[in-house]
Amino acid sequence: MTFYCTYQVEEVSRGGTVGTYLERTTQDGVVVPFFPNGQAIGTMFGERYTVKNSEGETILLGSGGIAELEMRLSKFAHTFITINGKSLERYKTDVAPLIYHVLTRVDEETNIFYMVVQAEKNNRSQGFWELYGFYDEIVDQLNRILKDAREDYFLLYENDIKFVEISENDAVNTNNDFDKSGLSRKLTKFKAEKGKELEYEQEKSCHQC
């Protein structure tokens, strides 16, 4: 069995500490990195986790979930980590709940409701729907979105629902605070464009009568 001396290293730049990490040496003073090639390999089962290096040596064990794992791992010099074979961000996105943000406006002259539904996981946009119709129609469409999205992730309904794909790098939240203003701008644009379209269709229908 090999015994190591573990100590904390401080990185200093121009008189200030810019970072700290743990390092270890043998009894002879030879530095042995915890993660020789910078790779940390994590396995999670529920809240329990194990982190090993590329040589199969167990470095961390715990049961406090992904937040605890990240906090403890930040004390070690490493380049990247995979969790259950996925990158850390991908894993966090996969296990995060799918959250919906809904904004609605009504045209008081026509009683038509306009709605945008923004979906996000792990503070990143998953896309949005644009809906319009009378109150009962809007409720029915929204119920179908929430039910089917939970079961089949996303469903595209022809005509009445438009699903718009968004780059996975398009963050919905800023500092964990949902960007309601951005969603509001989408709703304003959708209401204006769809309102003109419906008005044109109504005028066209009247001319054909």
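**Figure 1. Salt bridge between Glu57 and Arg24.** In this predicted model, the side chains of Glu57 and Arg24 meet in a salt bridge with an N to O distance of 2.9 Å; a salt bridge is a side-chain nitrogen of Lys or Arg within 4 Å of a carboxyl oxygen of Asp or Glu. Glu57 belongs to the loop between β4 and β5 and Arg24 to strand β2, so the pair ties together parts that are 33 residues apart in sequence. Helices (H or I, at least four residues) and strands (E, at least two) are DSSP runs, numbered from the N terminus. Arg24 is buried, with a relative accessible area of 4%, while Glu57 counts as partly exposed at 28% relative accessibility. Buried means under 20% relative accessible area, exposed over 50%, and partly exposed in between (1.4 Å probe, protein chains only). Residues are numbered from 1 along each chain as its sequence is written, and side-chain values use heavy atoms, with hydrogens and water left out. Because the model is predicted, local features need pLDDT of at least 70 and side-chain atom pairs count only at pLDDT 80 or more, whereas totals for chains, interfaces and linings use all residues.

Figure 2. Lys92 counts as buried at 19% relative accessibility, and Glu70 is partly exposed with a relative accessible area of 29%. Glu70, Glu89 and Lys92 are linked in a network of salt bridges. Asp94 forms a salt bridge with Lys86, with the closest N and O atoms 2.7 Å apart. Asp94 is partly exposed at a relative accessible area of 30%, and Lys86 also counts as partly exposed, at 34% relative accessibility.

Figure 3. An open sheet is formed by 5 strands in the order β5-β4-β3-β6-β7, and the pairing is mixed. Two strands pair if DSSP finds at least two bridges between them. β5 and β7 (86-87) stand at the edges with a single partner strand each, so one side of each is left without a neighbour in the sheet. β6 and β7 run antiparallel and are joined by 2 bridges; Ile83 stands opposite Lys86 in β7. Helix α1 lies across β3, β4, β5 and β6, running at about 30 degrees to β4. Axes are lines fitted to C-alpha atoms, for helices over the stretch in contact, and angles run from 0 to 180 degrees between N-to-C directions.

**Figure 4. Nonpolar cores and the surroundings of Ile83.** The largest nonpolar core has 15 residues, and those with the most contacts inside it are Phe35, Val51, Leu60, Leu69, Leu73, Ile81 and Ile83. The elements that give two or more residues to this core are β3 (39-45), β4 (48-53), β5 (58-62), α1 (65-73), β6 (80-83) and α2 (88-95). A nonpolar core is a set of buried Ala, Val, Leu, Ile, Met, Phe, Trp, Tyr and Cys residues joined through side-chain atoms within 4.5 Å. Leaving aside neighbours within four places in sequence, Ile83 is in contact (heavy atoms within 4.5 Å) with Gly42, Met44, Ile66, Leu69, Leu88 and Tyr91.

**Figure 5. Strand β9 and its two partner strands.** Strand β9 (residues 112-121) is mostly covered, with 9 of its 10 residues buried. β9 pairs in the antiparallel sense with strand β8 (residues 99-107) over 9 bridges, and also with strand β10 (residues 124-133), again antiparallel and over 9 bridges. Ile112 in β9 is the bridge partner of Asp107, and Met115 stands opposite Leu131 in β10. The hairpin of β8 and β9 has 4 residues between the strands, and there Asn111 takes a positive phi near 60 degrees. In the hairpin of β9 and β10, with 2 residues between the strands, Asn122 takes a positive phi near 55 degrees.
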